[in-house]
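Me: Could you walk me through this structure with a few questions and answers? I am new to this, so please take it step by step.

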Amino acid sequence: MTVHTNNSDYELRAEEVMRKSGVDAIALMLFDQRSSNHPIQMIKTWGIPGSISARYVDGICRSDPLLPHASSSEKAMLLSTRVGAKPKSDFSQPVPDLHYHRMLETAGYVETAACSYQVSRHIYAVVGLLLNRSQGRRSGILIDVALPSLEDWLILVTGDIRESAVRNVYFPKEESGPANCDEMPGLTRREEQVVAELQKGLGNKQIADRLSLSRYTVENHLRRIYQKFDVHNRTALMAKLGAGLAIN
C-alpha cells in the first residue's frame, strides 16, 4: 500500500520542528506494538546517518524506551530523556534501554525525545528528535516550543495513512502491483536479490544472513540502489516499486 502525501509539505514541517526544537536530526516512523521482529517502518530521516538508522530499524528499536510500548489514548504523547539517563514517562517501560542509549552515546547524541500519535489500535506514528553533542545547549531540546508543530505534523501523517488504507481496501484498482526484477533496469544481479529481500520486509542483518554477505556489503548495495532509483531510504524505494507500506 502506497500512502500518497505532499512530500514538500513533510520537508517544510521537518524543518520547522528542527528549527523550533533546536535539534539537528529527526526521524519520522511508524511503530507496530504487536510486531516483535520488525516493529519499525522508517518513513524518512533528516540528519541521521544511514548506519544509525539501519541499526535502529534492525533491532535497537526494540530497546527504545521512548516508543509507546504500553497502551495509550489517541492523542499526542511526548517523552524525552538525556542519553544515559532514565526517560521521563507516564507509564512503565517493559524493555531495557541499555543498547539504545549506548548506540546514541557512541554516535555523539546527548538528548533524545519522541512524540507519538495513535494511528490504529496498535500502530503509532512517531517523530523522534536527536540532539548532537556539538549542538547541545544547557536548555537541551526545546520540546515545549516545538510541540504544537509536532502534533500538527503527526495528525497530518495519521490522516494520510488512514485515507490510503481506505483507498487500498475499497479502491484497490487504483493501486499498482509490486514491481519485479525485470522492471528494474540498471541493477546488478546481486542488487536485484537485495531488492527482492527488501520487498519481503527484511532488515539489513536478515538480508546479509540470507545472501551470505556482511552487513557492510548490504549497506553498500543499498546506497547504490538508492542512487539508481533517486531515493534516500528503503521506504521511498518501496513506494517507487509499489510494494509495502510507504510514504514519500
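This is a predicted model: local features need pLDDT of at least 70, side-chain atom pairs count only at pLDDT 80 or more; totals for chains, interfaces and linings use all residues.

Me: Is Trp46 buried or exposed?
Reply: Trp46 sits in strand E3, which covers residues 40-46. Buried means under 20% relative accessible area. Trp46 has a relative accessibility of 11%, so the word for Trp46 is buried.

Me: How many aromatic pairs does the structure hold?
Reply: Let's go through them. Tyr10 and Trp153 form an aromatic pair, with 6.4 Å from centre to centre. Trp46 and Trp153 form an aromatic pair too, at 5.6 Å centre to centre. The number of aromatic pairs in the structure is two.

Me: What kind of pair do Tyr10 and Trp153 form?
Reply: A pair of aromatic rings is described by the distance of the centres and the angle of the planes. Planes over 60 degrees apart count as edge-to-face. For Tyr10 and Trp153 the angle between the planes is 80 degrees, so this pair is edge-to-face.

Me: How many residues apart are Tyr10 and Trp153?
Reply: Tyr10 belongs to helix H1 (residues 7-21), while Trp153 belongs to helix H4 (residues 143-170). Their pair links distant parts of the chain, and the separation is 143 residues.

Me: How far apart in space are Gly22 and Leu142, C-alpha to C-alpha?
Reply: Gly22 is found in the loop between H1 and strand E2, and it is partly exposed at 22% relative accessible area. In sequence, Gly22 and Leu142 are 120 residues apart. In space, their C-alpha to C-alpha distance is 6.3 Å.

Me: Is Asn132 buried or exposed?
Reply: Asn132 lies in strand E6, residues 123-132. Leaving out residues up to four places away in sequence, Asn132 touches Asp24, Ala107, Gly108, Tyr109 and Val110. Its relative accessible area is 18%, and the cut-off is under 20%, so Asn132 is buried.

Definitions and conventions
Residues are numbered from 1 along each chain as its sequence is written. Side-chain values use heavy atoms; hydrogens and water are left out. Helices (H or I, at least four residues) and strands (E, at least two) are DSSP runs, numbered from the N terminus. Buried means under 20% relative accessible area, exposed over 50%, partly exposed in between (1.4 Å probe, protein chains only). Contact means heavy atoms within 4.5 Å. Rings of Phe, Tyr and Trp (its six-membered ring) pair if their centres lie within 6.5 Å; planes under 30 degrees apart count as stacked, over 60 as edge-to-face and the rest as tilted.
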